[in-house]
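Me: I am new to this structure and would like to go through it slowly, asking at each step what a term rests on. Could we take the terms one by one?

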Amino acid sequence: MPTVAVDVMGGEHGPDAVVHGVAAVSLQSDIDCLLVGDEARIQKILDSTAYNPERIAILHAAEAIDASEEPRSAVRYKRKASLFVALREVAAGRCAAVVSAGNAAAAIGASLRELTLLPGVRTAAMASVYPRAAEHAGQDPLALALDVGATVRCTADELVHFAVMGSTYARVISRVAEPRVALLNMGRDPLQGDAVLSAAHRRLRDRRGLNFVGNIEGHELTSGRADVVVCEGLLGNIVLKLLESVATMAVDLTAAAAPRSWRLRAGMAIMATGSDGLRALADYSSYGGAPLLGFEQVFIKAHGRSQAPAIGNAVKVAAKAARDGLIPALKAALADD
Amino acid sequence: MTEPAPRLVYRWDLDKTYLLSELDSLRGLVKIPFERPEDKVAAPGVAALIRGLRESALSRGGDVRIYFLSASPPQIGRAIRRKLELDGIVHDGIVFKDQLQRLFRGKFRHLREQVGYKLTELLKARQAEPVTAREYLFGDDWESDPLIYSLYADVVAGRLLPAALEELLRAGRVDPPLITEAGALAEACARAADRPRTEPVARIFINLERPTPPAALRAFGARLVPTFNYLQTAACLFEEEALSAAAAVAVARSLVEESGYRAGQIANSLADIVRRDHLGEAAAAVLRLAFGRAGLLPTAPPRWRDRLVRRWRRTPPGAAEAPVLPDYRSMIGTPEVEAPGSTQHD
């Protein structure tokens, strides 16, 4: 089983959540992990939990990049940070994949410095998974959106690369035989949007080996119509954060709107299970993370608010991506250009 | 004239320490008496370690004893002895818990009672050893081995007085006759204690089979070493000079060849026990070299910077610290235990 390098110091819940997540994985699977961060602190956390030391190695990193740090400055000056050290382990081939829940912008910047872009790829794409309604039994309850922040604006070529990479990821990791790929736009008409979107639509439609289902509008995102949604980073990031806030917003608005009547309070209590379910469904801190695609190395970015189970899932996804040959599959798919 | 080396005594628990017994299910418990010797499975590396301990002592012309103490009934003794024979283990005695006899006497509590039984058996066994004998105890984290072994170590060292022991056992609801017996045995040990010269129990190794978080056993002090596998135990015993480097290599080799361990797991296990301060970096370096020569470690050299950081941060391993009496009161829940020196004894 390949070794997964884990940036321990990233994430809002700090080393505790990351180390506990990896400790759980060490007991449940045969995945080897390299924990990168403050060695003494990592060992102290490990001591307080059940773990399998045979599956865990530690590599000391003298610095850490904080979630609130200015990314450009961090990438420029903090080369000894756990994120950089973990990336270098992967770049050198000592580890097969890297997982980080840290500062997303710094993760992208550091990856561009330390990792190698796939042949033909000009820019990487940050993917994210989000919950959606399943149209049929067995359909993955999560869809993949990319790019959600590695770029601001992109070219039609880049959007096509994102589509190919997203589709390959869904096929290899989510085991979707023919992932349905859609382009996020303001209408279904192929000519809607700007010149970039029109050109991207045309190229995606003509692309062999891609199950392109056309444009998708914002209100269709949570339907089961598309498995992979392609968009520019600026738009993707805004959409993703809006989606993240929907469940909390719905619950909060309902609570605020309820008059002080015992009947309505009783009604809300009955609805509580449903609203908790809604909140759980949209709880991004429990998802396993999503890939930063476009590099010759596997990088799984866990959500900044990831708790231990989400980190554990991210590590499993990273190991699966390495084991199941995501990178060779991406290279093959991109070579069809 | 130089004094002869003290006798080395190794006391092993059986289930979950030597054998991978299935004690966590009724099915597993029922199965144990009917298992054939060849069906019983030893923990990875344990047989190689015990063989190595005897060979290492004998090669230096030392005096060594290996005993097993089990809470299993004597009815499975034949299968256990045969299993040990199959594993090439030469031992000096096995004590079983006579559960049926206790049942016939109507002492149902004894079936569950571990602390009183094991402690009295250990204290009885100590009477047969020279006062200078140096002991290593091996147990697991399933029942009360850490507590029993620590109590025993402090009694034979004269740190825990018989009256205090009896009080603790009463608080722990140990069967009264066993308390009386343990008190009398502790009295005899206290009279024979060779306190000024040696620490009778050098180390207690607890096999983290469940696995319990190591920090949960910190209250027992640095004398108690929680280990995740027998490579870690072997490494500590190598540092104690109880095990030769060749024997430690044999343990690692048995893990690789018989239990499917990979070189990375060997390296990680060694690094973990160093980080937990139970093994010094100097001993670890010697072992890494020996394992590397035997092809049991990854071929790539360790990252030099990481190695330097570890060496720089290293504190002396815990065994060098003088043992202090663990806070048994809070462990067992008794209001008061007299500190050594507060009560006179002969």
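Reply: Gladly, and a place to begin is strand E2 (residues 64-69) of chain B, where five of the six residues are buried, so that this strand is largely enclosed by the rest of the structure. Please keep in mind throughout that this is a predicted model.

Me: What makes strand E1 of chain B a partner of E2(B)?

Reply: Two strands count as paired if there are at least two bridges between them, and strand E1 (residues 8-13) of chain B is joined to E2(B) by six bridges in the parallel sense, so the pairing follows from the definition. Within this pair, B:Leu8 stands opposite B:Val64 in E2(B).

Me: How do you know that strand E3 of chain B pairs with E2(B)?

Reply: The definition asks for at least two bridges, and two bridges join E2(B) to strand E3 (residues 94-95) of chain B, the two running parallel; therefore this pair also counts. Here B:Leu69 is the residue opposite B:Val95 in E3(B).

Me: What else does chain B contain, and how many of its residues count as buried?

Reply: Chain B has 15 helices and six strands, and of its 346 residues 52% count as buried. The chain exposes about 15,700 Å², of which carbon and sulfur atoms supply 55%.

Me: How does the span of helix H9 of chain B compare with the one expected?

Reply: Helix H9 (residues 176-192) of chain B has 17 residues and reaches 25 Å from its first C-alpha to its last, which is close to the 24 Å expected at 1.5 Å a residue. Among the buried residues of H9(B) are B:Leu178, B:Ile179, B:Leu185 and B:Cys189.

Me: Which stretches of chain B have a pLDDT under 50?

Reply: Chain B averages a pLDDT of 85, and 80% of the residues score at least 70, but pLDDT stays under 50 over residues 312-319 of chain B, for which the model has 20 contacts beyond four places in sequence. Over residues 336-346 of chain B the pLDDT is likewise below 50, and this stretch has 21 contacts in the model beyond near neighbours in sequence. Since pLDDT is the predictor's confidence in each residue, the contacts of residues 312-319 and of residues 336-346 are to be read with that score in mind. The model scores ipTM 0.86 and pTM 0.88.

Me: Turning to chain A, why is A:Pro15 called buried?

Reply: A residue is buried when its relative accessible area is under 20%, and A:Pro15 has 6%, so the term applies. A:Pro15 is found in helix H1 (residues 14-28) of chain A, and, leaving aside neighbours within four places in sequence, A:Pro15 is in contact with A:Val8, A:Met9, A:Arg41 and A:Ile45.

Me: Which strands of the sheet in chain A are called edge strands, and what is the order of the strands?

Reply: The sheet is open, with 11 strands in the order E3-E2-E1-E4-E11-E10-E5-E6-E9-E7-E8 and mixed pairing. Strand E3 (56-60) and strand E8 (211-216) of chain A are the edge strands, as each pairs on one side only. From one strand to the next the twist averages 25 degrees.

Definitions and conventions. Residues are numbered from 1 along each chain as its sequence is written. Chains are lettered from A and ligands numbered from 1 in the order in which they are written. This is a predicted model: local features need pLDDT of at least 70, side-chain atom pairs count only at pLDDT 80 or more; totals for chains, interfaces and linings use all residues. Side-chain values use heavy atoms; hydrogens and water are left out. Helices (H or I, at least four residues) and strands (E, at least two) are DSSP runs, numbered from the N terminus. Axes are lines fitted to C-alpha atoms, for helices over the stretch in contact, and angles run from 0 to 180 degrees between N-to-C directions. pLDDT is the predictor's confidence in each residue, from 0 to 100. Contact means heavy atoms within 4.5 Å. Buried means under 20% relative accessible area, exposed over 50%, partly exposed in between (1.4 Å probe, protein chains only). Accessible areas come from the Shrake-Rupley method with a 1.4 Å probe; for residues, only the protein chains shown count as cover. The expected span of a helix is 1.5 Å times one less than its number of residues.
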